[in-house]
Amino acid sequence: MKIAFIGLGNMGGGMAANLVKAGYEVRAFDLSEEALIAAKDAGCETFDTAREACAEAEAVVSMLPSSGIVKAVYTKDVIGHAPHTAVLIDCSTIDVATAREVADAAHAEGYKMVDAPVSGGIAAAAGGTLTFMVGGEHHAFDAAQPILAAMGKAVIHAGHIGAGQTAKICNNMLLAITMIGTSEAMTMAEKLGLDPQKFYEISSQSSGYNWSLNAYTPMPGVGVESPADKDYAGGFATALMVKDLRLAMEAAEGAGAAVPLASRAAALYEDYLGAGNEAVDFSGIIKTYS
Ligand code: NAD
């Protein structure tokens with residue numbers, strides 16, 4: 001089966017390589033020459049334009065940086081250029097309204113389309129262990145499912161088009177809140193004279209149990225191994241967390257949802273980003289409490 005893959009960056013590069021390993025013929029396009037060379041090394045066929053990559057494709061997968069780019073790529077180079085029988089799968093994290101708008105344009109031309117953002121970072125993309133949250137009609141989900149399964153450990157049908165993006169931003173909004181809450185509680189426990197490791201042992205088995213504490217402990221040398229133990233390198237960059245929080249705040253406003261804690265978390269992460277921490281793992285925010 002021929003799959004066009006557009007956007008071969010940190011995430012897309014590993015994902016496309018996993019499709020090759022699963023036996024798909026991957027037709028790759030990226031604006032970056034370096035990304036195209038890496039894709040070729042991984043066994044993809046590379047093309048000079050997105051349109052050429054999409055010609056003959058039975059599926060199109062994209063992993064792009066922003067809503068504006070996704071909209072431009074689909075409306076200019078995918079819709080009307082890929083065969084109309086192709087299933088279109090956008091794995092980028094973008095706003096819900098754009099995901100629906102692009103899918104409407106695709107549906108009008110007879111395409112099946114899903115939004116399929118991911119949970120998991122660069123290592124999960126390379127290792128084929130991403131979790132996909134998928135929005136779209138059943139027949140579109142069924143067509144996308146085996147392709148997504150070749151790149152991940154879980155493929156969950158969230159609901160109608162846009163439901164994948166909704167799940168993604170609500171999940172990451174919750175993550176921002178739990179990371180800040182965990183950072184505050186660990187630092188306060190330490191300031192009150194409690195050994196942070198003891199706090200971890202107790203709270204990780206008590207009602208304070210949460211992913212940020214249990215699986216991604218933000219204090220170096222405490223709890224599980226995490227980016228904190230590598231001076232907050234790797235992991236999930238603060239710039240990406242802020243991107244997701246901006247999408248969440250926009251969506252909350254549009255939906256009239258009350259998000260007082262998430263608004264505060266978003267403001268704290270904006271400040272942390274502004275202090276030059278774009279590339280620092282998002283758990284580094286704990287340092288602002290010490
Ligand atoms: P990246 O910047 O490393 O890769 C994006 C790629 O898209 C680049 O290679 C760029 O050259 C290419 N590109 C940009 N415009 C293009 C165009 N018009 N046509 C073709 N290619 C184009 O970003 P990434 O980290 O791989 O993230 C991709 C998406 O995945 C984003 O939406 C991000 O929010 C989401 N995401 C990232 C992570 C992560 O840990 N990096 C985790 C979950 C979700």
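# Briefing: ligand site and selected residues

Glu270 touches Val242 and Arg246, not counting residues up to four places away in sequence; contact means heavy atoms within 4.5 Å. The model is predicted: local features need pLDDT of at least 70, side-chain atom pairs count only at pLDDT 80 or more, and totals for chains, interfaces and linings use all residues. Residues are numbered from 1 along each chain as its sequence is written, and side-chain values use heavy atoms, with hydrogens and water left out.

**Ligand site**

- The ligand is surrounded by 24 residues, and the closest are Asn10, Met11, Asp30, Leu64 and Lys243. A residue counts as near if one of its heavy atoms lies within 4 Å of the molecule.
- The side chain of Asp30 places an N or O atom 2.6 Å from an oxygen atom of the ligand.
- The side chain of Lys243 has an N or O atom 2.9 Å from an oxygen atom of the ligand.
- Asn10 uses its backbone: an N or O atom there lies 2.9 Å from a ligand oxygen atom.
- On its own the ligand has 830 Å² of accessible area, and the protein covers 83% of this. Such areas come from the Shrake-Rupley method with a 1.4 Å probe.
- The ligand takes up the space of the largest pocket. A pocket is an open set of points, on a 1 Å grid over the protein atoms alone, where a 1.4 Å probe fits, with protein on both sides within 12 Å along at least five of seven lines. A molecule sits in a pocket if more than half of its atoms lie within 2 Å of the pocket's grid points.
- Two elements give two or more residues to the shell around the ligand: α4 (67-78) and α11 (238-255). Helices (H or I, at least four residues) and strands (E, at least two) are DSSP runs, numbered from the N terminus.

- Glu270 sits in helix α12.
- Glu270 counts as partly exposed because its relative accessibility is 31%. The classes are buried (under 20% relative accessible area), exposed (over 50%) and partly exposed (in between), with a 1.4 Å probe and protein chains only.
- Met241 is 29 residues from Glu270 in sequence, and their C-alpha atoms are 9.5 Å apart.
- Ser283 lies in the segment after α12 (260-274).
- Ser283 has 0% relative accessibility, so this residue counts as buried.
- The side chains of Ser283 and Asp281 make a polar contact at 2.5 Å. That term means a pair of N or O atoms within 3.5 Å; within protein, one must be able to donate a hydrogen and the other to accept it, and residues adjacent in sequence count only if both atoms are side-chain atoms.
- Beyond its neighbours within four places in sequence, Ser283 contacts Met179, Tyr216, Pro218 and Tyr232.

**Thr46**

- Thr46 belongs to strand β3 (residues 45-46).
- Thr46 is partly exposed because its relative accessible area is 25%.
- Leaving aside neighbours within four places in sequence, Thr46 is in contact with Ala28, Leu36, Ala39 and Lys40.
- Ala258 is 212 residues from Thr46 along the chain, and 46 Å separates their C-alpha atoms.

- Glu56 is not a glycine, yet has a positive phi of about 75°. Glu56 lies in the loop between α3 (50-54) and β4 (59-62).
- Asp231 is not a glycine either, and has a positive phi of about 55°. The loop between α10 (211-214) and α11 holds Asp231.
- Asp231 counts as exposed because its relative accessibility is 59%.

Technical notes. 1 Å grid on protein atoms, 1.4 Å probe; cavity = no way out; pocket = protein on both sides within 12 Å on 5 of 7 lines; lining within 4 Å.
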